[in-house]
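Reader: I'm new to this one. Could you walk me through how to read it, feature by feature?

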Amino acid sequence: MSLIPMNFDEVVELKPATPGRYDLTISACEKTVAREAQTPQYKVSVEMAGQDGAPNITHFVSIPSEKDDADKAKFKALLLKRWCSLFGIPLTNGMDDEALGMSMVGARASSVEVTLSEPDKNSGAVYNRINVPKLKGEGAAPRPAGAVAKPPKS
């Protein structure tokens with residue numbers, strides 16, 4: 001029998017970080033299968049700089065697959081493109097999903113909005129979540145012909 005030299009009174013659960021903007025680094029990426037849909041996805045673990053008392057954020061990114069109809073595949077491709085754009089991960093047409101997953105590890109993003117989830121129905125636990133922004137210029141309403149942009153307020 002051996003004695004474990006550990007003061008278990010000092011061991012505590014990690015707590016989520018306060019919502020705010022954080023520098024993020026992808027520490028791990030694993031290709032998995034979504035439980036319900038049985039479609040491929042990335043399970044990504046993301047570290048927040050300066051938040052040693054907070055657990056890594058787990059983020060899931062769907063991978064378009066042959067099981068998806070055209071609209072679903074296109075939407076999944078958009079979400080994947082947003083994720084890769086946020087972390088500066090290059091995408092190529094006809095992607096290799098294994099190589100892309102491996103290229104995510106170590107990627108960094110600066111000043112990303114991190115929020116809190118709603119409390120879990122069973123445990124009441126809350127988790128940090130990453131707010132992945134839309135692509136630049138996406139979602140903007142088109143300007144009518146001849147319209148001039150308003151100058152910024154000073």
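Reader: Let's start with Asp68: is Asp68 buried or exposed?

Author: A residue is called buried under 20% relative accessible area, exposed over 50%, and partly exposed in between, using a 1.4 Å probe and protein chains only. Asp68 has a relative accessible area of 12%, so it is buried. Keep in mind that this is a predicted model: local features need pLDDT of at least 70, side-chain atom pairs count only at pLDDT 80 or more, and totals for chains, interfaces and linings use all residues. Residues are numbered from 1 along each chain as its sequence is written, and side-chain values use heavy atoms, with hydrogens and water left out.

Reader: Which residue does Asp68 form a salt bridge with?

Author: The general idea first: side chains of opposite charge can pair when their charged atoms come close. The cut-off for a salt bridge is a side-chain nitrogen of Lys or Arg within 4 Å of a carboxyl oxygen of Asp or Glu. Here, Asp68 pairs with Lys76, and their closest N and O atoms are 3.0 Å apart. Lys76 is buried too, with a relative accessible area of 9%.

Reader: How many salt bridges does the structure hold?

Author: Three. One of them joins Asp97 to Lys31, with 2.6 Å between the closest N and O atoms. Asp97 sits in helix H2 (residues 97-104) and Lys31 in strand E1, so this pair ties together parts that are 66 residues apart in sequence. Lys31 also meets Glu98 in a salt bridge, at 3.7 Å from N to O. That pair links distant parts of the chain as well, since Glu98 is in helix H2 and Lys31 in strand E1, 67 residues apart. Put together, Lys31, Asp97 and Glu98 are linked in a network of salt bridges. As for cover, Lys31 is partly exposed at 36% relative accessibility, and Glu98 is partly exposed at 46%.

Reader: You mention helices and strands. How many of each does the protein chain have?

Author: Those names come from DSSP runs, numbered from the N terminus: helices are H or I with at least four residues, strands are E with at least two. The protein chain comes to two helices and five strands. Along the sequence the pattern reads β-β-β-α-α-β-β.

Reader: What about aromatic rings: how many pairs are there?

Author: A pair of aromatic rings is described by the distance of the centres and the angle of the planes. Rings of Phe, Tyr and Trp (its six-membered ring) pair if their centres lie within 6.5 Å; planes under 30 degrees apart are stacked, over 60 edge-to-face, and the rest tilted. The structure holds one such pair. Trp83 and Phe87 have ring centres 4.8 Å apart and planes at 50 degrees, so the pair is tilted. They are four residues apart in helix H1 (residues 70-87), which means about one helical turn separates them. Both Trp83 and Phe87 are buried.

Reader: Where do cysteines come in, and how many disulfides does a search find?

Author: A disulfide is a pair of cysteine sulfur atoms within 2.5 Å. A search of the whole structure finds zero. For Cys29, the nearest cysteine sulfur belongs to Cys84, 9.1 Å away, and that is too far for a bond. Cys84 counts as buried, at 1% relative accessibility.

Reader: Which residues form a nonpolar patch on the surface?

Author: Patch residues have over 30% relative accessible area and no salt bridge; like charges are joined within 9 Å, and nonpolar side chains (Val, Leu, Ile, Met, Phe, Trp, Tyr) within 5 Å. Accessible areas come from the Shrake-Rupley method with a 1.4 Å probe, and for residues only the protein chains shown count as cover. In this model, Ile4, Met6, Phe8 and Val11 form the patch, with about 440 Å² of accessible area together. Met6 lies in the segment before strand E1 (20-33) and is partly exposed, at 47%.
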